[in-house]
Amino acid sequence: MAKLTPRMKNWLEGLGAHIGTATKKGFPTTIVVESAKVEGDNTVKFQLSNAQVEQIKQNISENPQVAIGPGGLGCIRAAYQFKGAAKLEGNTLMVEVREIYCTKPGPEAALRLDTLPYESVLKFESTRWKDAGPPK
């Protein structure tokens, strides 16, 4: 099971995300959501507009797998990609994150972080990213 770190949670909650969905045949749709709420170790909830729900509703019903990238500056400074299973409950998109990848350029690109021990992921973050911290 993937476990989001406090840094990952803060980036998602502070800057939202780009959420990629696809039909069963692989036709993609991406929406941008301004904020998120993380519950527990790996559940992310996004409050969507009616238009966003209409954009992805068919995709989610055919294929619940989604990809998430932190939004805004997060895509550059929080170089993560999250993948998981999603479901719609009204206008809330709930995603159970099952995979976490590093998208930082270089030899670590595409490193799957959720397969590492949690303490190793925390150490990885603290040695790779020296920023002022995600938004509060």
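**Helix α1.** I started with helix α1, residues 6-15, in this predicted model. I looked up which of its residues are buried, and found R7, M8, W11 and L12. Seen down the axis of α1, these buried residues fall within an arc of 130 degrees, so they line one face of the helix. An α-helix has 3.6 residues a turn, so residues three or four places apart point the same way. Just after α1, I noted that G16 takes a positive phi of about 70 degrees.

**E125.** Next I went to helix α4, residues 118-128, where E125 lies. I checked its charge partners. E125 is buried, yet I found no salt bridge for it. The nearest side chain of opposite charge is R7, 4.8 Å away. A salt bridge needs the side-chain nitrogen within 4 Å of a carboxyl oxygen. What does the side chain of E125 make a polar contact with? I found the side chain of T5, at 2.7 Å. I then listed the contacts of E125, leaving aside neighbours within four places in sequence: T5, R7, M8 and Y80. R7 and M8 are also among the buried residues of α1.

**Strands.** Y80 took me to strand β6, residues 80-89. I looked up its pairing with strand β5, residues 65-70. The two run antiparallel over 4 bridges. I68 has F82 in β6 as its bridge partner. How many bridges join β6 to strand β7, residues 92-102? I counted 10, again in the antiparallel sense. The bridge partner of Y80 in β7 is C102. Last, I checked the hairpin of β6 and β7, which has 2 residues between the strands. There G90 takes a positive phi near 65 degrees.

Terms used: Residues are numbered from 1 along each chain as its sequence is written. This is a predicted model: local features need pLDDT of at least 70, side-chain atom pairs count only at pLDDT 80 or more; totals for chains, interfaces and linings use all residues. Side-chain values use heavy atoms; hydrogens and water are left out. Buried means under 20% relative accessible area, exposed over 50%, partly exposed in between (1.4 Å probe, protein chains only). Lys and Arg count as positive and Asp and Glu as negative; His and the chain ends are not counted. A polar contact is a pair of N or O atoms within 3.5 Å; within protein, one must be able to donate a hydrogen and the other to accept it, and residues adjacent in sequence count only if both atoms are side-chain atoms. Contact means heavy atoms within 4.5 Å. The arc is that of the directions from the helix axis to the C-beta atoms. Two strands pair if DSSP finds at least two bridges between them.
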